[in-house]
Each structure stands twice: as C-alpha cells, then as structure tokens.
Amino acid sequence: MGFKVPFVDPRTHYQRLKPEIDAAILGCLSTGDLIYRKQLREFEEQLAAFVGVRYAVGVNSGYHALHFALLGAGIGPGDEVITVGHTFLATVSAIIHCGAAPVMVEVRDDYNMDPDRLEPAITRRTKAVIPVHLNGRVCDMGRIMAIADKHGLAVIEDAAQALGATHDGRRAGGFGAAGCFSFYPFKILGSFGDAGAVTTNDPRVARQASLLRYNGEDRETGEYHGHGYTALLDNVQAAVLSVKLPYLPQWIEHRRRIAALYREGLEGVPGLGLPHFSEAHCFDVFQNYVVRSRDRDRLRAHLTARGIETLVHWPKPMWAHPDLGLADPHLPETERICKEVLSLPMSAETTPEQVEVVVAAIREFAGAAAIPDRARSAATSANGG
Ligand SMILES: Cc1ncc(COP(=O)(O)O)c(C=O)c1O
C-alpha cells in the first residue's frame, strides 16, 4: 500500500544526497576499493571522533557489534549479562550466542533500563550489563556506570538507536567498555544495507573486534588469532556512511523539530502518552517517536485507513515467542508497553505538513478538538530540513 504519510522515505533521502552518494559509490567501484580499503578506515576515524572515543571498528551489523563487544569483554559460557526486556531481540541473541545467560530487567517510563532494578539482579555470575539507549535517548549512565564499577561489570552500550544522543554532554557509545551501533537503512545514520560498528577506548576490545570480523586474521601479518566470522563493514557502505555522517547534526535538529511539532499538536489529547521526558541530563535524538495508547490497535487501524504508516516496536515481549525458549522474566511494565506503544512517522524527511496530517487524524480518533492555532503556526513556520 502506498502511504500518504510514510513511516520513512528512503527515496527522497537518496535523491537529496544523490550526487555525493553516487560519487562515493562510483569512486569505490572505479578504483576497485571494495574490501578493507581507505574508505573503511576513513569512516572509522570519523565515527570515533564523532562519538568521542579512540577507536571505531566497522562491522556488518549492530548484532555483530554487540556479539564482538561481548566476546571482547571476555563474556562466555556460565556468565550472566543483565539487559532489558524491552529491546530488539538482537541484544539478547548476542548474549546467547556467546554462551552466556541473559537476565532481563524492567525499564522506566522513558523505555530505558531502570537503574533501581540493576543492582538487585546482580549475582556471582554477572559479568556485564547492556544498557539499551532506546528510541534515541541515552540511559541514566551516571547511575548505571556507578553500579557497574562497584561490582566490576563490563558495560556494553547498545547504542543502535542513539547515535548523537548525549547524557551529561557525553555521546552514546562513549561511556562503557564498548558502544555498539547499527547503520541499518532506517537508523538515524543509515547505509544501503546492513552495517554497524563497535566504538571503544580500549585497544584490546578494538583489536578483538577487528580480528573477529575478518575470520580471526590480522590483516597486517596474515596470522590467524582464533576462529572468527565474516562480518566486515563493506567498503562501499563505509564510503556512503562517510558522506552522510557530516549531515547527522542537522538531521538530528530536524527530528527534534518534528518531535516538538508532534508535541504541540498532541499534548493534552485524552488517553495519549507522548515521549517527552526530562532533558536535564539528556539530549534526545528521536530515532523513533513513540506514543502510548490503551487503544493502540484501533488507533493504528484508524491511522492506516487515513494513509498514515506506523510501526509497533514490539507487539509482544520476546519471551512470548515460544521458539526462542526464553524464560518469562515477569516484567509487567514491559508487557504493558508492548500493548500500548505506537511509533509515528519520523525521519529526516518527515515534513511539518505530514505532522499536521498525523496530528489531525489522532485528534479525530480521540474526539479531541481541532489542532490548536499555536501548533498550526509552529508547524507552518518550521522548515522541512
Ligand atoms: C536496540 C537495537 N539493538 C540492536 C539492533 C541490531 O542492529 P542490526 O539490525 O544492525 O543488526 C537494533 C537494530 O534494529 C536495535 O534497534
């Protein structure tokens, strides 16, 4: 179905950057720079500088970034790793593929790990914690780092949704032993396929990730240092990401403007929760704009009928998929979230006019009065970025 307001708009995204992207791709093709060439190193240097760490290691996905960061931190069979129940399955799969046991804890109303639930979940077997910076908001890293330090735990940040977001002025991916990013096409910085990276200040973690992504081989010496994987960040994708990274600050500003317009239009709509939380410590980048409604499924159907594309991240908890074999951790807030959350259209291409369409449809559903004038004028004065 063609949507009047699509969730994301990859074609417009490409058209806006077409000359630069085409030149980057053709540059790789015409020089034969395909695997492990200068474009990869250049992107890694740019990413490390952006995040504020010494090293970035390009891999083929956010999943493998997590997997290699955990292996680099020495996580293996018999260990427990604490993370949240409200995350993409890849976070938990990475723990399981290391042979370790995931221990899932509850999130707060901003969808991020509740630090109060972290310490009680620590046992003798706990070796690491994976805070997930969901929807473009960094977890309460001050408290999480303090608890992890007290108990000698490695912190592996799942920053797949939070490139550019900060906590107390520091960027996601620069707090723990490692930060893990995804450049899946619809992430805030997206490639044209699967891609990811590990960021770290620890040379051992960087070296492990470099070896693991290339079948254990040290490219300088040709020596194999263990059994690894084929999981390198493709050179062409790295070249594309280098074109896009300098635009990220303006795309973040655009997302924040779109979020502000949604807020103006939707604040006070009965039965609707909005994703605006304290920014005393955080600078949120709105990878997703997630609203909550007890009547979520009917609201979603109403929006679909009006040509508005939405997504649900995620409709049921991962332990409700029997084939995954995960024990139910009994997390009532996470269960409730799965029933109520709805992600509205949000990308660097979302326009104020599209926000007006979405706002009007939601207000119509809720039987709320028409969009207030204040929001209308803000919507028309913001530019489409
Ligand atoms: C929170 C979170 N963790 C991990 C991942 C995995 O990233 P990828 O899809 O690149 O493997 C994603 C991506 O969807 C994600 O949103």
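Biologist: How many residues line the second largest pocket, and which of them lie nearest its centre?

Modeller: This is a predicted model, in which local features need pLDDT of at least 70 and side-chain atom pairs count only at pLDDT 80 or more, while totals for chains, interfaces and linings use all residues. Residues are numbered from 1 along each chain as its sequence is written, and side-chain values use heavy atoms, with hydrogens and water left out. On a 1 Å grid over the protein atoms alone, a pocket is an open set of points with protein on both sides within 12 Å along at least five of seven lines, and a lining residue has an atom within 4 Å of a point. Here the second largest pocket is lined by 20 residues, with Tyr36, Arg41, Glu44, Ser210 and Arg213 nearest its centre. The elements that give two or more residues to that lining are α2 (38-51), β1 (55-59) and α7 (203-212), where helices (H or I, at least four residues) and strands (E, at least two) are DSSP runs numbered from the N terminus.

Biologist: What classes of residue make up the lining of the second largest pocket?

Modeller: Asp, Glu, Lys and Arg count as charged, Ala, Val, Leu, Ile, Met, Phe, Trp, Tyr, Cys and Pro as nonpolar, and the others, Gly among them, as polar. By that scheme the lining has 10 charged, nine nonpolar and one polar residue, whereas the lining of the largest pocket divides into 15 nonpolar, nine polar and three charged.

Biologist: Where does the ligand sit?

Modeller: A molecule sits in a pocket if more than half of its atoms lie within 2 Å of the pocket's grid points, and in this model the ligand sits in the largest pocket.

Biologist: Which residues are closest to the ligand?

Modeller: A residue counts as near if one of its heavy atoms lies within 4 Å of the molecule. The ligand is surrounded by 15 residues, the closest being Gly62, Tyr63, Asp158, Ser182 and Lys187. For polar contacts (pairs of N or O atoms within 3.5 Å), a backbone N or O atom lies 2.7 Å from a ligand oxygen atom in Gly62 and 2.8 Å from a ligand oxygen atom in Tyr63, while a polar side-chain atom of Asp158 lies 2.7 Å from a ligand nitrogen atom.

Key
A polar contact is a pair of N or O atoms within 3.5 Å; within protein, one must be able to donate a hydrogen and the other to accept it, and residues adjacent in sequence count only if both atoms are side-chain atoms. On a 1 Å grid over the protein atoms alone, a cavity is a set of points where a 1.4 Å probe fits but cannot get out, and a pocket is an open set with protein on both sides within 12 Å along at least five of seven lines; lining residues have an atom within 4 Å of a point.
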